[in-house]
Amino acid sequence: MRMARRAGYAFGGAAALGAAAYVVIYLYRWQWQRTLLCAVLLLIVEVLLIGLATLDRLGRLEARVREGDRRREEIAAQLRAAEEERRAGPRFAWLDGDGTRTFVFVPVLMVTGAVLSGLAWAVERVAGATTRPLARRRLAGRLAPLAAPPGGPRACGRLPDLPERPALGPGPPRGRLLRAGAGAVAVALVAALFLGLSALTETEPPRRGDATATSVLFAVEGRGTGQGRAALAARQVWERCRDATAVPLVEAGLAELAEGRLYAGTVHPSLSEHDEHRLVGCLEDTGIDRVLLDVRGTGPINGQDTPG
């Protein structure tokens, strides 16, 4: 059972780390649909881990309750057995008889005890009356070295002051320092990750590139789709991604190449590096069923590369 719990925690932790890593990766790539899917998966795994921890805790509490009930039942059974034994037999079996025997053991024992107590009291009184002065003198002689000097504490001169030392309080335990350091490192890593993602996913002001135009070459891959459906999907994704950049793609044409599976898009004027990154992420983040777009390459087009 313990091995199963450990395996569940290990699997859940690995899945959570993987989902969190892909959330960061897809955020960097500007692929929002995949980011949302990984974020939902991360939430599901976290809920799963919380459920496993809750069930584990409830199992431990239930085991403690069962152990307490079992112990209580054992004690109750022992008490019942003792009560039954007490009720089964007489308390003083040696007093039971038919009335023909005379039991004088208890009275004799009581009288003997009273006599011995009286003798002990008499011996104590005689010893106290005869040895008290001698015992006091002996005790005074033993305590004489501990007596104060005749002139009091100041007769021996001023006592030297003890050197002052700082109080040594108990320092913080090592485990607490380690936990505090680990917490500080975790907070610093989370802050650095947040700031880095903010800088990478922040929308920059609209600006154009230095070239005349920007070309994008991508392939369309579909499962169980014909050439017409692939061409329609390519144009749908291209039209949707024209609004993904900071600069609106007003003059953006799409040409079909290689039997309807390869397409080339041309954006005029050219895009900046940031907008180009956003356009590629939007194209690869396809939301059409059984269709996948693979960007083969992007690049600038200068004036001398364009036909006359």
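I began with strand 4 and looked up the bridge partner of glutamate 221 there, which is leucine 292. I note that I am working from a predicted model.

**Entry: strand 1 and its partners**

I followed the pairing of strand 1 with strand 4 and found it antiparallel, over 10 bridges. I then checked strand 1 against strand 3: 6 bridges join them, and the two run antiparallel. For leucine 217 I looked up the bridge partner in strand 3 and got alanine 264.

**Entry: strand 2 and the whole sheet**

I turned to strand 2, which pairs with strand 3 (residues 262-268) in the antiparallel sense over 7 bridges. Here alanine 255 has alanine 264 of strand 3 as its bridge partner. I put the pieces together as an open sheet of 4 strands in the order 2-3-1-4, with antiparallel pairing. Which strands are at the edges? They are strand 2 (251-257) and strand 4 (291-301), and each of them pairs on one side only. I also read off the twist, which averages 20° from one strand to the next.

**Entry: helices on the sheet**

I looked for helices lying across these strands. Helix 5 (residues 227-241) lies across strand 1 (213-222), strand 2, strand 3 and strand 4. Its direction is at about 160° to strand 2. Helix 6 (residues 273-284) lies across strand 1 and strand 4, and I found it running at about 160° to strand 4.

**Entry: helix 5 against helix 6**

I next took the two helices as a pair. Helix 5 and helix 6 pack at an angle of about 140°, and their axes are 9 Å apart. The crossing of helix 5 with helix 6 is right-handed. On the helix 5 side I listed Val237, Trp238, Arg240 and Cys241 as the contact residues, and on the helix 6 side Leu279, Cys282 and Leu283. Sorted by class, the contact has 6 nonpolar residues, no polar ones and 1 charged.

**Entry: the disulfide**

I searched for disulfides and the count came to 1. Which cysteines form it? They are cysteine 241 and cysteine 282, with sulfur atoms 2.2 Å apart. The pair links distant parts of the chain, as cysteine 241 is in helix 5 and cysteine 282 is in helix 6, 41 residues apart. I checked the torsion about the S-S bond as well: at about -90°, it makes the disulfide left-handed.

**Entry: helix 1 against helix 2**

Helix 1 (residues 2-28) packs with helix 2 (residues 32-88) at an angle of about 160°, the axes being 8 Å apart. Helix 1 is therefore roughly antiparallel to helix 2. I noted the crossing of these two helices as left-handed. In the contact of helix 1 with helix 2 I have 18 nonpolar, 4 polar and 3 charged residues.

Terms used
Residues are numbered from 1 along each chain as its sequence is written. This is a predicted model: local features need pLDDT of at least 70, side-chain atom pairs count only at pLDDT 80 or more; totals for chains, interfaces and linings use all residues. Side-chain values use heavy atoms; hydrogens and water are left out. Axes are lines fitted to C-alpha atoms, for helices over the stretch in contact, and angles run from 0 to 180 degrees between N-to-C directions. Angles under 35 degrees count as roughly parallel, over 145 as roughly antiparallel, 65 to 115 as roughly perpendicular and the rest as oblique. A crossing is left-handed if the near helix is turned anticlockwise from the far one by less than a right angle, and right-handed if clockwise. Ala, Val, Leu, Ile, Met, Phe, Trp, Tyr, Cys and Pro count as nonpolar, Asp, Glu, Lys and Arg as charged, and the others, Gly among them, as polar. Two strands pair if DSSP finds at least two bridges between them. Contact means heavy atoms within 4.5 Å. A disulfide is a pair of cysteine sulfur atoms within 2.5 Å.
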